[in-house]
Amino acid sequence: MATYVLKDAKLWISEYDLTGHLTRMEVTHGAEPVDATVFGGDTKIFKAGLETLAFSDFGLVDMADDKQDESIRTKLTTNVIPITIAPTDGLQNSPAIFFEGKLNAYQWGGAVGVHTPFSLSGVAGGGRKIITNGLLLEDGVTAKTATGSGTGRQFAGGVASGKSLFAIFHLLTFSGAASIDVLIESDDASGFISPTTRITFANKASISSEYVVPLAGPITDDWLRVKFTFVTPTTPSAKIVVAVGIK
């Protein structure tokens, strides 16, 4: 049995890390029931319809500039934003759920004398796949300060025919360079002697995020890593979150 205590889950919404403001997190993943009942039956028949995901988060309000309150309010009117949830510790090589989503409602307020709480709800609604078996390649904990590559992680079996490779990118902080290029490479061994570029995110010159167009299989390489390049750097620094998944 692989149970765990929910104590260090992570939430990245677009270019913002809301983790340090949260006290509770809920995710509902399912499929819409489609009525398939026909004449002659005496019991309802349902088939699985379109996949759905809804999430709710609860925490403590921070009204400081560029913090939790502002980061949510600036995204409420955005139709589609990249969202990543890390249910365990949110570190490299740990599970991730990611999708394109929409924030539905943001509410804050409480009784006199309490630390002001907030609640936030949203849904997956961008039309792209909901990835529930994702893996974090980069966790945004330590800033990147020079061009380089991350640690390779193995996906046993690679990407089979009929499946695709999905990836999401959150640039949380950025300074000291004109821009940054981030891509995902694959290889057939952990040493990455002859890596192949599989996914290239758009060049970024400021904090932002992207759920990239998926790459169709088959891909026989079963090792993946992130490569990052600073363009015209002086004293570069960037915190990046990258997750991948196969579906």
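Which residues form one aromatic cluster with Phe-98? The views below come from a predicted model.

**View 1. Phe-98, Phe-166 and Tyr-211 form one aromatic cluster.** Tyr-211 belongs to strand 14 (residues 208-211). Tyr-211 is buried, and it points the same way as Ser-209. Ser-208 and Glu-210 point the other way, and they are buried too.

**View 2. Strand 14 pairs with strand 11 (residues 164-175).** The two strands run in the antiparallel sense, joined over four bridges. At one of these positions, Glu-210 in strand 14 is the bridge partner of Phe-169.

**View 3. Phe-55 and Phe-99 form an aromatic pair.** The count for this model is five aromatic pairs. In this one, the ring centres are 5.9 Å apart. Phe-55 sits in strand 4 (residues 46-60) and Phe-99 in strand 6 (residues 95-108). They are 44 residues apart, so the pair links distant parts of the chain. Both Phe-55 and Phe-99 are buried.

**View 4. Arg-24 lies over the face of Phe-58.** The distance to the ring centre is 4.5 Å.

**View 5. The largest nonpolar core has 26 residues.** Leu-165, Ile-180 and Phe-201 are among those with the most contacts inside it. Strand 8 (131-139), strand 11, strand 12 (179-187), strand 16 (223-231) and strand 17 (237-246) each give two or more residues to this core. Leu-165 touches residues including Val-159, Pro-214, Leu-224 and Val-244. Another core, of 20 residues, lies apart from the largest one. Ala-9, Val-61, Ile-81 and Ile-97 are among its residues.

Definitions and conventions. Residues are numbered from 1 along each chain as its sequence is written. This is a predicted model: local features need pLDDT of at least 70, side-chain atom pairs count only at pLDDT 80 or more; totals for chains, interfaces and linings use all residues. Side-chain values use heavy atoms; hydrogens and water are left out. Rings of Phe, Tyr and Trp (its six-membered ring) pair if their centres lie within 6.5 Å; planes under 30 degrees apart count as stacked, over 60 as edge-to-face and the rest as tilted. Buried means under 20% relative accessible area, exposed over 50%, partly exposed in between (1.4 Å probe, protein chains only). A charge sits over a ring if NZ of Lys or CZ of Arg is within 6 Å of the ring centre and within 35 degrees of the ring normal. Two strands pair if DSSP finds at least two bridges between them. A nonpolar core is a set of buried Ala, Val, Leu, Ile, Met, Phe, Trp, Tyr and Cys residues joined through side-chain atoms within 4.5 Å. Contact means heavy atoms within 4.5 Å. Lists of a residue's contacts leave out its neighbours within four places in sequence.
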